Amino acid sequence: MASNTQQTADGAHGGAEAAGMPQLDFSTFGNQIFWLVVTLVVIYFVLTKVALPRIEAVLSERRGTITNDLTAAEDLKQKAVEAEEAYNKALAEARAEANKIVAEARADIQADVDVAAAKADAEIAAKAAESEAAIAEIRAGAVDSVKTVAKDAAKEILASFGYKTDAKTVTAAVTSRMKG
């Protein structure tokens, strides 16, 4: 049986080889051309009625989206330029205002410093006057104290040498010596 099956398969192939390719058989050309035309017409209608309109719609939508995006980008770019100009203007105004505030603060501080310096100078002058008065008072008191000490010392020295003196003579001698 195996040999019968082999011969049948070889016979089937051998018959096809003898007839040739069915596409090149001139007896079926009419039928093949008919189905070729039907297939091409179906493909043409499918493409023109279904596929190409969808492709055109997608392309139009993309074209519109791109155009809208470019327009929006230009608008946003213009707004960004305007915003940058406004920012720079506001920054310049803020710097000018800051400089003005700093100048006013410096002037206020300088005025406060001048007032404080004048007050300090007045206090120093008053303290110096008080000190001068105190020094003058101390000098006056010192001269009197020196006279008193000198009188007492002269009396004691003379007493230690064994002299007796009266207060009037000692005072006159100290006073004359103090004058020069």
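Is Asp 152 buried, partly exposed or exposed? The close-ups below come from a predicted model, and the first one takes up that residue.

**View 1. Asp 152 on helix α2.** Asp 152 sits in helix α2 and counts as partly exposed, since its relative accessibility is 43% and that class lies between the 20% and 50% cut-offs. Look across to Val 170: its C-alpha atom is 8.8 Å from that of Asp 152, with the two residues 18 apart along the chain.

**View 2. Helix α2 crossing helix α3.** Here α2 (residues 29–161) and α3 (residues 167–179) have axes that come within 9 Å and cross at roughly 130°. That angle makes α2 oblique to α3, and the crossing is right-handed. On the α2 side, the contact uses Val 143, Val 146, Lys 147, Ala 150, Lys 151, Ala 154 and Lys 155. From α3 come Ala 167, Val 170, Thr 171, Val 174 and Met 178. Sorted by type, the residues of this contact are eight nonpolar, one polar and three charged.

View 3. Phe 26 is exposed at 67% relative accessible area, while Phe 29, at 30%, is partly exposed. Another pair brings together Tyr 44 and Phe 45: the ring centres are 5.7 Å apart and the planes are at 70°, so this one is edge-to-face too. Tyr 44 is exposed, with 52% relative accessible area, and Phe 45 is partly exposed, with 44%.

Key. Residues numbered from 1 in each chain as written. Predicted model: local features only at pLDDT ≥ 70, side-chain atom pairs only at ≥ 80, totals over all residues. Heavy atoms only, no water. Axes fitted to C-alpha atoms, helices over the stretch in contact; angles between N-to-C directions. Helix = DSSP H or I, 4+ residues; strand = E, 2+ residues; numbered from the N terminus. Parallel < 35°, antiparallel > 145°, perpendicular 65-115°, else oblique. Left-handed = near helix turned anticlockwise from the far one by under 90°. Contact = heavy atoms within 4.5 Å. Nonpolar A, V, L, I, M, F, W, Y, C, P; charged D, E, K, R; others polar. Buried < 20%, exposed > 50% of the residue type's maximum accessible area, 1.4 Å probe, protein only. Phe/Tyr/Trp six-rings, centres within 6.5 Å; stacked < 30°, edge-to-face > 60°.
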